[in-house]
Amino acid sequence: MHRFAKPSVFLKLTGAMMPWMVALTVILTVVGLYLALIGSPVDYQQGNTVRIMYIHVPAAWMGLFCYVGMALCGAMSLIWKHPLADICARATAPVGATFTALTLITGSLWGEPMWGTWWVWDARLTSMLILLFLYLGYIALVNAFDDPERGSKAGSALALVGVVNVPIVKFSVDWWNTLHQPASVARMDGPSIDPSMLAPLLIMAFAFTGYYFIILVLRVRLELNQRRIRALQLSGLFDERAAANGDDDALAYDQGHNAGAGK
Amino acid sequence: MNAFVAILRRDLRLALRQGADSVMVVAFFIVTTTLFPFGVGPEANILARIASGVIWVAALLAAMLSLERVFQTDYEDGTLELLTLSPVPLELLVLGKVCAHWLTTGLPLIIAAPVMAVMLNMDQDGFGTLMIAMLIGTPALSLIGAIGAALILGARRGGVLVSLLVLPLYIPVLIFGAGAVEAALLGISAQAQLQIMGAILLLSLAAAPFATAHAIRQAVE
Amino acid sequence: MSEFFSMGGYGSYIWASYGIAALAMIVLLIATLRGLRQSKTELDQLETVLKARRPRRARTTDQSQTS
């Protein structure tokens, strides 16, 4: 576990896996799209709009999955203090936020023809909206510090607090909803899902998961690069000052504390 | 325990000396509440209908307004760093500071709330429940808010940021707080809502000091 | 073909959903790739500059990642 968490090992490992991941994701996406748009039957109640489900539901799953992933990374960074855990959490947030926003948008586009309204204060919609707020809060917090490492650490703590809160929010929104919900809106639960519809749903979900891992790897690399740039810039400044003063202490300090020199 | 009392007294004395803190919070609460009749019109029925929600939302915002300063000044002048180095567990000190925050913001809000309820034409049946709900709810707001206040230490634009972090976490308190008052207004027992709020308070009492202390240690290290 | 695109009258909703989803995912991908490329060129520049300036200490840059 610790071995894989070393940045150099991570880079090598993911570098080897990347072409396979991309190929797999592309194949899954093509097959998923074919099944979702052409190969699956029309729902007897909802007609063709059921095809929105093949985007909407996997996106909702990913929105939740990414948040749980962020919290797990936060826990790992808290317990084992892995530098990579923070970076993974940080790289996950934009993907999770994107999928959560997509859930809301596609849900809206599904609700308009089916329920006759773009938005209802339904328990699920509302919980999803709050999840989006949690993502936005995390992203804002992580980017609010001059030192990215400090931002990631604060973000990990927030993700943990958030994940404790998510069930409470979900429960309270459900409770609030049963009190206020007008009964006129049709529920989307519906009967158990037909296998011909389940297949595109699952394949799209896997395609989204593949997409998530590709973005995760790319963003972790981006983050590692940026940290290295920062470390180099700081050490560069140190060198300039040391050279100007003829000061050997600064150089000696720099040698050991390259990464922490910003504090 | 001595340290807890000491930090509580210190924070209270600081708040009293500056004086303006509690007054500002209450003034903000009253002004925000007063905006609603201008927005939705002065019709008594409508105001009575939305009163509990409006009061809770305004209380949430007012409690959040003062959060930024819970740790910020101590962080800037280095006091917080000394506190983390003290042999007393930081969690206890955090609890002391949260207590002081609640006494200077939560408590005045509880006293101001019935006044605003009268002005919004709320039925008298709800007053008792409103005050009890706020008595249980506002400490939870201070506890949850302290986490946000600690996380933003050293961040840019901390004040705006803390609202974005904390407000989504406040939603359960808002739902059950307003729900309790509404139940009381309908003549139903509000016990269920109040008990759930109690559970939220206990959970945040158990978890928030640790999360806050963790965030503070990150900030000063 | 036009029947396929009209989706029983719901075409605009369905194609909008798929379009927005595709757009959002592609934009995120492109933004990530672009950031990655930018950071790479910046890193290369910095490394060559620093290496030229202090050849004996070129190794220290590796420590910054693992420490």
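Rings of Phe, Tyr and Trp, taking the six-membered ring of Trp, form an aromatic pair if their centres lie within 6.5 Å. The legends below apply this to a predicted model.

**View 1. Aromatic pairs, with one that crosses between chains.** A search of the whole structure finds 11 aromatic pairs over all chains. One of them joins Trp175(A) and Phe176(B). The ring centres of Trp175(A) and Phe176(B) are 4.9 Å apart. Their planes stand at 45°, so the pair is tilted. Trp175(A) sits in helix α5 of chain A, residues 148–180. Phe176(B) sits in helix α8 of chain B, and the pair therefore crosses between chains.

**View 2. The interface of chain B and chain A.** Here 27 residues of chain B are in contact with 28 residues of chain A. The area buried between the two chains is about 2,400 Å². Carbon and sulfur atoms give 73% of that area. On the chain B side, Leu151(B), Arg156(B) and Leu169(B) lose the most area to chain A. Together these three account for 22% of what that side buries.

View 3. Which side chains meet in a salt bridge? They are Arg156(B) and Asp146(A), with 3.0 Å from N to O. Six residue pairs are in polar contact between chain B and chain A.

**View 4. The side of chain B that touches chain A.** Three helices of chain B each supply at least two residues of this side: α7 (125–151), α8 (158–186) and α9 (191–220). Which helix gives the largest share? Helix α8(B) does, with 10 residues. By residue class, the side of chain B that touches chain A divides into 19 nonpolar, four polar and four charged.

**View 5. A salt bridge within chain A.** Over all chains, the count comes to 11 salt bridges. One of them is formed by the side chains of Arg90(A) and Glu223(A), at 3.6 Å from N to O. Arg90(A) lies in helix α3 of chain A, residues 83–115. Glu223(A) lies in helix α6 of chain A, residues 195–245. The pair therefore ties together parts that are 133 residues apart in sequence. Side chains of opposite charge can pair when their charged atoms come close.

View 6. An unreviewed UniProt entry lists residues 20–39, 59–80, 92–111, 123–145, 157–177 and 197–218 of chain A as "transmembrane region". In the model, residues 59–80 of chain A are 95% helix and 0% strand. The end C-alpha atoms of that span are 31 Å apart. Residues 197–218 of chain A are 100% helix, with end C-alpha atoms 32 Å apart.

View 7. For chain B, the unreviewed UniProt entry gives residues 20–40, 46–67, 99–120, 126–153, 160–188 and 194–216. Residues 126–153 of chain B are 93% helix and 0% strand. The end C-alpha atoms of this span lie 39 Å apart. Residues 194–216 of chain B are 100% helix, and their end C-alpha atoms are 31 Å apart. For chain C, UniProt places the feature at residues 12–33, again in an unreviewed entry. That span of chain C is 100% helix and 0% strand, with end C-alpha atoms 31 Å apart.

Note on methods:
Residues numbered from 1 in each chain as written. Chains lettered and ligands numbered in written order. Predicted model: local features only at pLDDT ≥ 70, side-chain atom pairs only at ≥ 80, totals over all residues. Heavy atoms only, no water. UniProt positions renumbered as here; feature names shortened; annotations may be inferred. Helix = DSSP H or I, 4+ residues; strand = E, 2+ residues; numbered from the N terminus. Contact = heavy atoms within 4.5 Å. Buried area = accessible area lost by both parts, 1.4 Å probe. Salt bridge = Lys/Arg side-chain N within 4 Å of Asp/Glu carboxyl O. Polar contact = N/O pair within 3.5 Å; in protein donor to acceptor, adjacent residues only side chain to side chain. Nonpolar A, V, L, I, M, F, W, Y, C, P; charged D, E, K, R; others polar. Phe/Tyr/Trp six-rings, centres within 6.5 Å; stacked < 30°, edge-to-face > 60°.
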